[in-house]
Every structure is written in C-alpha cells, then in structure tokens.
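Dear colleague,

Please find below the structure that I am handing over to you, together with its sequence. A summary of the findings follows the display.

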Amino acid sequence: MSEDIERAIGRLEARADSTEAWLKEIAADVKATRSTVDQARGGWKVLTAAATAGGAMGAFLTKVAGMLLMVPR
C-alpha cells in the first residue's frame with residue numbers, strides 16, 4: 001500500500017475510535033435520563049393521588065358546610 005492510503009486509513013480509524021467513544025457517552029447519558037424519568041413516574045402518581053384526595057375532601061367539606069348553614073335556627 002502507498003503511504004497516503006495508510007495515512008488515510010489511520011485517520012479513519014482514529015475518527016472511528018473517537019466516534020465510538022462519543023456514542024458510549026451518549027448511551028450513558030440516555031440511561032441516566034431514562035432512570036430519572038422512571039423515578040419521576042412514581043412521583044407523578046403520588047402527586048395525582050394527593051390532589052384527588054384533597055379535591056374530594058374540599059368538595060365534602062363544602063357540601064357539609066352548606067348543609068349546616070341551611071339548618072333553621
């Protein structure tokens with residue numbers, strides 16, 4: 001092989017190695033992001049349940065207060 005071809009192959013191998021390392025970093029970032037999203041899913045469920053319970057209690061108390069205020073004295 002000529003020297004120019006060997007240099008070109010060397011450059012391409014170096015770029016391939018660099019690209020491979022970069023892709024590994026991206027894969028690690030994607031795994032970390034996915035882990036965070038998985039943890040957040042559970043939090044959203046708890047938050048939704050708490051908001052639902054709070055809304056139900058507020059509606060109940062409003063109904064009871066309205067009924068108590070309408071009682072003749």
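This is a predicted model: local features need pLDDT of at least 70, side-chain atom pairs count only at pLDDT 80 or more; totals for chains, interfaces and linings use all residues.

The structure holds three salt bridges.

Two of the pairings involve Arg7. The side chain of Arg7 meets that of Glu3 in a salt bridge, at 2.6 Å from N to O. Glu3 and Arg7 are four residues apart in helix α1, a separation of about one helical turn. Arg7 also forms a salt bridge with Asp4, where the closest N and O atoms are 3.9 Å apart. Asp4 and Arg7 lie three residues apart in helix α1, again about one turn of the helix. As to accessibility, Glu3 is exposed at 52% relative accessibility, Asp4 is exposed at 55%, and Arg7 is partly exposed at 47%.

A further salt bridge joins the side chains of Lys24 and Glu20, at 3.8 Å from N to O. Both residues belong to helix α1 and are four residues apart, about one turn of the helix. Lys24 counts as exposed, with 55% relative accessibility, whereas Glu20 counts as partly exposed, with 43%.

Val30 is placed in helix α1, which comprises residues 3-69. Val30 is exposed because its relative accessible area is 52%, and the cut-off for that class is over 50%.

Yours sincerely

Technical notes: Residues are numbered from 1 along each chain as its sequence is written. Side-chain values use heavy atoms; hydrogens and water are left out. Helices (H or I, at least four residues) and strands (E, at least two) are DSSP runs, numbered from the N terminus. Buried means under 20% relative accessible area, exposed over 50%, partly exposed in between (1.4 Å probe, protein chains only). A salt bridge is a side-chain nitrogen of Lys or Arg within 4 Å of a carboxyl oxygen of Asp or Glu.
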